[in-house]
Amino acid sequence: MKKRSRNLKILVATLIPALLFGSVNLQPVSAQIPSTFIDKWTVNDTTAPPVLDTGSVKSTSNALMGYGGIRVHIAGSKNRMDGALLRGFGLTFDGIDTFTSTRSVVIDGVAVKRNLKLNQASNWGRFFDTFTNTTKQTIQVDVAFGGQLGYNTGKNQSAVASTSSGDTLINNEDSWVSFYTPSEGTGSASNNGPSATTIGTAGFDGSLDRTGNFLRNPFANKLAESGDEANHYGFVYKLVIPPNQTRSLAHFVVTGLSEVKAPSKDEPVPAARSQVSLVEATVAELAKSPEFSGLSTREICSLANYNPLAVPGFSASECGAANQSPLPGAASNPVVTPSIETTSLYDVNGKTITEMLSDMKTGKTTAQQITKAYLDRIAAYDQGPLGLNSVITVASDAMKQAREADEARSKGDKRPLLGIPILVKDIIDTKDMPTTGGSKLFKDYTPTKDAWQVAKLREAGAIILGKANLAEFAFDGHFSKSYFGPVWNAFDPSRSPIGSSGGSAVAVASNFAAAALGTQTGDSLWGPSGAASLVSLRGTDGMQSTDGTMPLTVVQDYTGLIARSLSDLALLLEATAVGSPNDPLDDVADGHRPSNWSSYLQADSLKGKVIGVPASAFNDPFGTTGTSDALRAQFKHFVAAGATIKEISDPPAAPARTFAGDTYYEGWRQWIESHPDNPYKKVEEIISSTYTGSGPMTKEALKAFQDYRANYRNLLENWMDDQGADVVLFPTELSDIHLNDSIQPSFGRRDPQSSASGVPTVIFPAGVNDHGQPIGFQLQGKAFSDADLLGYAYAFELRANGHVETTITPRLGLSTSVAALTDIKGNWAAQYISDLVAKGVMKGTSADKFSPNSKVTRGMFVTILGQLEKIGTADRVTGFKDVNEKSYYAPYIKWATNAGIVNGMGNGKFDPNHELSRQDAAVILNKYLKHKGLLPATTTGDTVFTDAAKVSPYAREAVTHMQGMGIMNGKANGLFAPADGILRSEVTKMITVVMDLSV
């Protein structure tokens, strides 16, 4: 795959810029290792995808696995980023050795900036972080600095090697601490590169307050002494910051090389303890004589964790009153969590599709209100540097789609998903939005037609709301990071959402859409769904078509759905689990697709069934037990539903492969063939310009791959029969999920066999683990038992109520101007009214009334158009005898008459209080559109109203235009009623459509 990023190499202290990731290579100081070896630090800045922008670091020696991040906590804060891994600093690289914030991240009035300076010669980096109080009150800020230095797998478990005190206990009496990953026990060679971190002046009041668990709220949880969580080190400080002042923290981080692996094939393995000793010697010197060159006197004086009296060569007397004002630029270009209200009267939080369909049917809400609620939530919680970033593109016509759905329902349309907003993973074709694959390569590519399942969703009446973010080209099952930035976890904005369909899952869990399309080649449906307390189905091969989906592994790829409930999933499958005539790979499921998925959702579906639990299925590779214990505690609900839980052997090994060829290459070859309009003609242009693989697969190889998978399915079926199991139970995540800046693996993972073989699995939530993280199950069955699996999961769902809602994206407050109106709820035009009132285009008739059924006068209508145009109010002399210059409508009448939009009534009068008829409203609006250049070149046809003959000759063309453009409709009885007065509610719809035309 092509890389569009940067690499900076340092060879013998010479900087050689090239392009690959936002990273800097640090030269080791070991005399044993030739200076040509490069240890690369990847700094999470803004210069290259995935733009984590945390300032934390990963290194090639695995000394750092997402380390150097910061969290900030302010007591009583309700900010969703309080305590979270901070990001959004706009960190930029100067091309030499320094990364600097271009923005301040503000949490409850505390502005945070970062600076990272790297010393290539001595293999260390200096983190300088400032915290500026922009409020008028003194604030106590808890700050945690740290991250991940190991895994509880194999020989990757980290440990404290030493501290400045000579022991392994980290406290305020220490100025530094070193870490390593012992390969054979205490004191043995470090498996990964060792590292060391300075803490500050030993024993200084402003230095270390305590250590914490950087993975899981370091302010409330102590650093674990063993297990996986012991790898996540947090150094916690307490800062008391007076108003309009800055305090700062400095940390030096040193890394070394592995002591069990050769840096390269031409270099020796470093001796045991040699690299640990080197980093300790370096960090000890930095603690004794901190390298503060480049920092100003005021910056050094602002340090909270260093005693200026103990800084060699620096006189504390220089500080004087330096701390009495903020550091220059410390609060510049602030980034804050946006405060956004909604104009929708309908709360979508936690609503299922079935609930929303019922509410639309009964008139409790409309597709427009549902869609607007989702759009407002995306704007509030998903967008910007601090957003969850689950949505790449929002459909520009989303509200138009919603209007059309409402109008269709009013005319008796009963399509099963009418008016339901759904997102599409941005690897699946949409004809009206770009399909990028999360890659810069396709950022401007819009296919000419929808993917098969997208088309079926539209046919069922769904609104295609936008495109969901993902792991670039679905390459990553642990993170969802793309050219458009990373997706962040819906339940914890510091963690990974899992990959690759992370955007789809996070968006649904965060109530940004009712459901979403995703894909799976490995874990990309079950991983993100499990992490977000959602449901999904990786069906039997061919159950749902991949037609129109960018490939990862041909044949094995699966395009599926992520939803909030099993009932929702069944409705979606009834619309989408349909064979595509253009997809030969889905033919295997012909004759096996249920016609009514919902009919399988029965409370007694599990009665008499045997659920097999493979011997090692619930054993976390990280060695934790909190999640597996919580999952096992949920087994009781299967039993309550009538099932028997039975321990069985682990699944058989996959059969020997009987096919050859590059499934990735072949997938792209087929995709290019079916997308002749795409920008690339050769597979190598997409996957690698230096590709040296086996190339396309033959028809025989493709058939052999499909046969292999069919044989694997048979092998699993025989295993289940031998074990006496009707269905097999697997977990989703088996551990707490790691932070989003860490490395693979991001969670304790044991895959079922569904992706590798093509047997079906249904994914469903099972509550939370001991730390409050969502957990879930997978029920795996025999080929084409898909619908039965949904029924089994449904029986569990009824008893367990395993779904949980996130609390970090709560219900939005209703716009104040809309909330004041007491007479619009339940009105068909409620969303039109809400949006126009919030935008100031229309106002209520009183403080608490809009009067939607009141008639509109000529003066009112012209005023609305003038406010839409934001016309100035200074010129108020109209020349009409009956228009008082002090009246609210005077300047708008002046503008409209000058523009030729409206005329007087004769006798020198305008008659502003005259009730406006429907046909006259059409005439005025037609002239307005002509004035704006928005009229179509030709009309769409004659009016079809039964009273068309009653439309006055002067108004017929205008009425035809208004009808053809969707601006005005007739009455329910088929009449246009040209002479009737037009209502304020009707005007809101007209103006909204006109605003869409202007856009």
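Modeller: The cover over the buried residues of helix α10 includes α11 (635-640), β30 (727-731), β31 (761-768) and β32 (774-780), where contact means heavy atoms within 4.5 Å. The helix itself spans residues 626-633, and its buried residues are Gly-626, Thr-627, Ser-628, Ala-630 and Leu-631. Here buried means under 20% relative accessible area, exposed means over 50%, and partly exposed is in between, with a 1.4 Å probe and protein chains only. The helices (H or I, at least four residues) and strands (E, at least two residues) are DSSP runs numbered from the N terminus.

Before going further, please keep in mind that this is a predicted model, in which local features need pLDDT of at least 70 and side-chain atom pairs count only at pLDDT 80 or more, while totals for chains, interfaces and linings use all residues. Residues are numbered from 1 along each chain as its sequence is written, and side-chain values use heavy atoms, with hydrogens and water left out.

From β30, one of the elements that cover α10, we can go to the loop between β30 and α15 (754-757), where Pro-745 is found. The peptide bond that leads from Gln-744 into Pro-745 is cis, and its omega is near -5 degrees. Both of these residues are in contact with Tyr-151, whose other partners, leaving aside neighbours within four places in sequence, include Met-65, Asp-228, Phe-622 and His-738. Tyr-151 sits in the loop between β12 (139-148) and β13 (159-163), and with a relative accessibility of 3% it counts as buried. For a sense of distance, the C-alpha atoms of Tyr-151 and Asp-875 are 72 Å apart in space, and the two residues are 724 apart in sequence.

In α3, which covers residues 353-361, the buried residues are Ile-353, Met-356, Leu-357, Asp-359 and Met-360. They cover an arc of only 165 degrees around the axis, which puts them on the same side of α3; the arc is that of the directions from the helix axis to the C-beta atoms. Among the elements that cover these buried residues are α4 (367-382), α5 (398-410), β25 (515-520) and α9 (566-576). After α3 comes Gly-363, which has a positive phi near 85 degrees.

Some loop residues also deserve a careful look. Thr-809, in the loop between α16 (786-800) and α17 (816-819), counts as buried at 2% relative accessibility, and, not counting residues up to four places away in sequence, it touches Asn-349, Arg-377, Tyr-381, Leu-388 and Ser-510. Another cis peptide bond joins Gly-499 and Ser-500, with omega at about -5 degrees, and Ser-500 is in the loop between β24 (485-486) and α7 (502-509).

Ser-533 has a phi of about 60 degrees and lies in the loop between α8 (526-531) and β26 (535-538), where it is buried with a relative accessible area of 1%. Asn-907 likewise has a positive phi of about 60 degrees, but this residue, found in the loop between α20 (890-898) and α21 (918-932), counts as exposed at 70% relative accessibility.

Finally, these parts can be set within the whole chain. The protein chain has 23 helices and 32 strands. Its radius of gyration is 32 Å, close to the 30 Å that the globule rule gives for 999 residues, so the chain is as compact as a globular protein of that length; the radius is taken over C-alpha atoms, and the rule is 2.2 Å times the number of residues to the power 0.38. The C-alpha atoms fill a box of roughly 100 × 80 × 55 Å along the principal axes, and buried residues make up 61% of the 999 residues. Among contacts between residues at least 6 apart in sequence, 72% join residues at least 24 apart, and the link between Tyr-151 and Pro-745 is a contact you can look for in the model yourself.
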